[in-house]
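Open the model in your viewer and show it as a cartoon.

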Amino acid sequence: MQPGIYRARWPQPSRLPLVSLIIPTRDGLQELRTCIESIWKKTTYPKYEILVVDNQSTCSYTLDYLKELEADTRYDGRIRVLSYDHPFNYSAINNFAVQHANGEILGLINNDVEVIGPEWLSEMVSHAIRPNIGCVGAKLYYPDGTLQHAGVVLGIGGVAGHSHKYYSRSDGGYFGRLLTIHNVYAVTGAVLLVRKSVFDEVGRLDDFGLRVAFNDVDFCIKVQKAGYQNIFTPFSELYHHESKTRGRDDSPEKQVRFAKERDLMIQRWGNLLQADPFYNPNLTLVNEDYSFALNTRDF
């Protein structure tokens, strides 16, 4: 740590809560295998289950692997495969899986993430169990080691953007924010922990209006509005091979859907998207680099 920057370590309870890690997938065998193997081999937190939600996989190798997961005795029944035989809807897939989750804490996990440090889950659980905390987000890197996510800033790009995107792994960030646990309004659903009671309290993910984009941001805003605090911790680190299996929003159909979801967020949350209380109003809403605004909120 740098001088003047300290890490707060929150204790684990004597009875560790079960964490249900929910991993939606459609084919993408290589990414899925890397994700699950990294969780299994590196995670030191002892009490978790993995729910793999198969969303219409067709690759025979992937389907064989899913069968092997449930049959593999080394996992001792801690991995279950659920079938969601409907068109892709990120919110609906996770809402469906939550109904089958046994854990007190839910972990929304993309199938294209890879664990780096063994304490990643212990660190996130230590915060997720705190009664005033809602969503907990992790520090995610692209495979080249540059930063992909360190919390979400409302208003960037019109709705929300990722904090410190493309910063180097060794960079301390804006006033040391990449080195400290701190409040944020939202975190990405790629790696997000939240108590199941909070998830149910705020009405779960919006599986009607926000099927693909911004559902995690919308959920985090609802959690914050319910009186909980969302936080980011840099002491939980993973790689994120972003959107490898789902693909990009680059077709005309996907762009129309994205525009509708963006407009819904603007209608629903209005001025809040231009006034993130955890982001200095003198900073840009155009870029994700904590640079100064060229003029008043870049308008």
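Predicted model: local features only at pLDDT ≥ 70, side-chain atom pairs only at ≥ 80, totals over all residues.

**Whole chain first**

Seven helices and twelve strands make up the secondary structure of the chain. The radius of gyration is 19 Å, close to the 19 Å that the globule rule gives for 299 residues, so the chain is as compact as a globular protein of that length. Along its principal axes, the C-alpha trace spans about 60 × 50 × 40 Å.

Colour by burial. Of the 299 residues in the chain, 55% are buried. Now colour by charge. There are 32 positive and 35 negative side chains, and the centres of the two sets lie 3 Å apart.

**Into strand S4**

Select residues 105-109, strand S4. Why is S4 largely enclosed by the rest of the structure? Five of its five residues are buried, which means under 20% relative accessible area for each.

Show the side chains. In a regular strand they alternate between the two faces of the sheet. Ile105, Gly107 and Ile109 are buried on one side of S4, and Leu106 and Leu108 are buried on the other.

**The two partners**

Find Val19: it stands opposite Ile105 in S4.

Next, select residues 191-195, strand S11. S11 and S4 run antiparallel, paired over five bridges. Here Leu192 in S11 stands opposite Leu108.

Conventions:
Residues numbered from 1 in each chain as written. Heavy atoms only, no water. Buried < 20%, exposed > 50% of the residue type's maximum accessible area, 1.4 Å probe, protein only. Helix = DSSP H or I, 4+ residues; strand = E, 2+ residues; numbered from the N terminus. Pairing = 2+ DSSP bridges. Rg over C-alpha atoms; globule rule 2.2 N^0.38 Å. Lys, Arg positive; Asp, Glu negative; His and termini not counted. Charge placed at Lys NZ, Arg CZ, Asp CG, Glu CD.
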